[in-house]
Amino acid sequence: MTTRLRPTGPFGRTLCAMVTPFTESGALDLDGAGALADRLVAGGCDGLVLSGTTGESPTTTDTEKAALVRAVREAVGDRAAVVAGVGTADTRHTAELAADAEKAGADGLLVVTPYYSRPPQDAVEAHFRTVADASGLPLMLYDIPGRTGTRIAPETMLRLAEHPRVVAVKDCAYDLLGTQRVLSGSGLAYYTGCEEFILPLYAIGGAGYVSTVANVAPGPLRAILDAFDAGDTAGAARAQLRTAPLVTRMMAAGLPGTVTAKSLLHSLGLPGGPPRPPLLPATPDTADELLALYEELEATLVTAG
């Protein structure tokens, strides 16, 4: 069996979009964040992405974001990359958060397209260039038009790839053809943010994934890439399909991934706590369903192993 060789992504292959743990009263739980981060790295995550969509960035303060980076950095040391989400709808504010994250010890930045104002592409490009110049850290562009209302067009991606600190993309655009255009025309490392695309994107040269589901199932997701890298494409496909029921319920059944991930973490006795309003915790029925699907996945791993 041959081993497939590919360039290593700037933040590794397997990144978890980590939840931000809160106490039952809603305060930031830094001890819980450190414990969860340590568990995720031990479970197979090469990197942790903080304060993204799953990390509830719209409802955490600037001070909390910096404190979270420091706590996770202390917990994982140099065992994993720490990528700080700093994207906002305001270019100036985003640049300030980028500088704060660098001071707090982040290895890289996740920067989402400015939302709500729906800027045209020249303004999108100017926004990312301003943020890239605000610190010495590498940037992962976050393309998720379903939430922001604005694409990062492939042509804009290609121009931004010329900036020395724009190195990666978290791809949630559901445009595989556009993704291929950028992959073939640049050196950007593409990470899928959609678990159903882990194997498809990796197979055409993607760098890996940034996953919400990895909060609870880091091993089964990593197994997809490990099998592919070992030349076992059929095994990689089986591993991808094995995760589909849990992924579907966590990510495609009407609830935000933050809510479903925190529900499962609670059921498993792990740090997470409740989401902050306007998000509400999962109902007891949903929590039971999620736990049943998780246990089914764990059972199939025992059978497969």
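**View A. Arg118 sits in the loop between strand E4 (108-112) and helix H4 (121-132).** Helices (H or I, at least four residues) and strands (E, at least two) are DSSP runs, numbered from the N terminus. This is a predicted model, in which local features need pLDDT of at least 70, side-chain atom pairs count only at pLDDT 80 or more, and totals for chains, interfaces and linings use all residues. Residues are numbered from 1 along each chain as its sequence is written, and side-chain values use heavy atoms, with hydrogens and water left out. Arg118 is not a glycine, yet its phi is positive, about 50°. Most residues other than glycine have a negative phi. Arg118 is exposed, with a relative accessible area of 60%. Buried means under 20% relative accessible area, exposed over 50%, and partly exposed in between (1.4 Å probe, protein chains only).

**View B. Ser51 lies in the loop between strand E2 (47-50) and helix H2 (62-76).** Ser51 also has a positive phi, about 55°, although it is not a glycine. Ser51 is buried. Its relative accessible area is 6%.

**View C. Glu64 of helix H2 makes a polar contact with Arg276 through their side chains.** The distance is 2.8 Å. A polar contact is a pair of N or O atoms within 3.5 Å; within protein, one must be able to donate a hydrogen and the other to accept it, and residues adjacent in sequence count only if both atoms are side-chain atoms. Glu64 is buried, at 17% relative accessible area. Leaving aside its neighbours within four places in sequence, Glu64 is in contact (heavy atoms within 4.5 Å) with Leu28, Thr59 and Arg276.

**View D. Pro278 lies in the loop between H12 and helix H13 (284-304).** The peptide bond from Pro277 to Pro278 is cis. Its omega is near 20°. Most peptide bonds are trans.

**View E. Helix H11 (residues 244-251) packs against helix H12 (residues 257-267) at an angle of about 120°.** Their axes are 8 Å apart. Axes are lines fitted to C-alpha atoms, for helices over the stretch in contact, and angles run from 0 to 180 degrees between N-to-C directions. H11 and H12 are therefore oblique to each other. Angles under 35 degrees count as roughly parallel, over 145 as roughly antiparallel, 65 to 115 as roughly perpendicular and the rest as oblique. H11 contributes Leu246, Arg249, Met250 and Met251 to the contact, and H12 contributes Gly257, Thr260, Ala261 and Leu264.
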